[in-house]
Amino acid sequence: QVQLVESGGGLVQAGGSLRLSCAASGRTFSRDAMAWFRQAPGKERELVAGVSWGGGNTYYADSVKGRFTISRDNAKNTIYLQMNSLRPEDTAVYYCAATTTIIGIVIPSRYDDWGQGTQVTVSS
């Protein structure tokens, strides 16, 4: 099992920025890729971005391309999500997740480990 702890969420005005962090511990070597999901009240959980530990390959949902950047620090077992030009529709709980397979998988059930989530609220 891999333990994931998110941090960095908060309240920001539209157009502002936030940087989320996800610290991983446990059997991190058994997970090939990490991802950020988000879920707003009454909505489905959706994949935002993904990154592979080894090659650093990235995936982004169309809704965040050009605004969000996912990155990883292998030495610290940590991934980040830099969120710029935030919009009210970005408001959601953001979750860190780990998978034993490739990046870009949009189905939440294909991920093995999840963090507790961190709230991001973007005001109009």
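Guide: Helices (H or I, at least four residues) and strands (E, at least two) are DSSP runs, numbered from the N terminus, and by that reading Phe29 lies in the loop between S3 and S4. The model is predicted, so local features need pLDDT of at least 70 and side-chain atom pairs count only at 80 or more, while totals for chains, interfaces and linings use all residues. Residues are numbered from 1 along each chain as its sequence is written, and side-chain values use heavy atoms, with hydrogens and water left out.

Visitor: Why does Phe29 count as exposed?

Guide: Exposed means over 50% relative accessible area, buried means under 20%, and partly exposed is in between (1.4 Å probe, protein chains only); Phe29 has 63% relative accessibility and therefore counts as exposed. The C-alpha atoms of Phe29 and Glu46 are separated by 25 Å, although these residues are 17 apart along the chain.

Visitor: Why does Leu18 count as buried, and which residues does Leu18 touch?

Guide: Leu18, in strand S3, has 15% relative accessibility and therefore counts as buried. Contact means heavy atoms within 4.5 Å, and, not counting residues up to four places away in sequence, Leu18 touches Gly8, Gly10, Val12, Leu81, Gln82, Met83, Leu86 and Val120.

Visitor: How many aromatic pairs does a search of the whole structure find?

Guide: The search finds 4 aromatic pairs, where rings of Phe, Tyr and Trp (its six-membered ring) pair if their centres lie within 6.5 Å, and planes under 30 degrees apart count as stacked, over 60 as edge-to-face and the rest as tilted.

Visitor: Why is the pair of Phe37 and Tyr111 called edge-to-face?

Guide: The ring centres of Phe37 and Tyr111 are 4.9 Å apart and their planes stand at 85°, so the pair is edge-to-face. This pair links distant parts of the chain, with Phe37 in strand S4 (residues 33–39) and Tyr111 in the loop between strand S9 (92–99) and strand S10 (113–114), 74 residues apart.

Visitor: What sits over the ring of Tyr80, and what lies over the face of Trp114?

Guide: A charge sits over a ring if NZ of Lys or CZ of Arg is within 6 Å of the ring centre and within 35 degrees of the ring normal. The charged end of Arg19 sits over the ring of Tyr80 at 4.0 Å from its centre, and Arg45 lies over the face of Trp114 at 4.8 Å from the ring centre.

Visitor: Which residues in the largest nonpolar core touch the most other members?

Guide: A nonpolar core is a set of buried Ala, Val, Leu, Ile, Met, Phe, Trp, Tyr and Cys residues joined through side-chain atoms within 4.5 Å. The largest has 29 residues, of which Met34, Trp36, Leu81, Met83 and Tyr94 touch the most other members. Apart from it lies another core of 6 residues, among them Leu47, Ala97, Ile105 and Tyr111.

Visitor: In what order do the 4 strands of the open sheet stand?

Guide: Two strands pair if DSSP finds at least two bridges between them, and the order is S1-S3-S8-S7 with antiparallel pairing. S1 and S7 are the edge strands, each pairing on one side only. S3 and S8 are joined over 6 bridges, and Ser21 has Tyr80 in S8 as its bridge partner. S1 and S3 are also paired over 6 bridges, with Cys22 in S3 as the bridge partner of Glu6.
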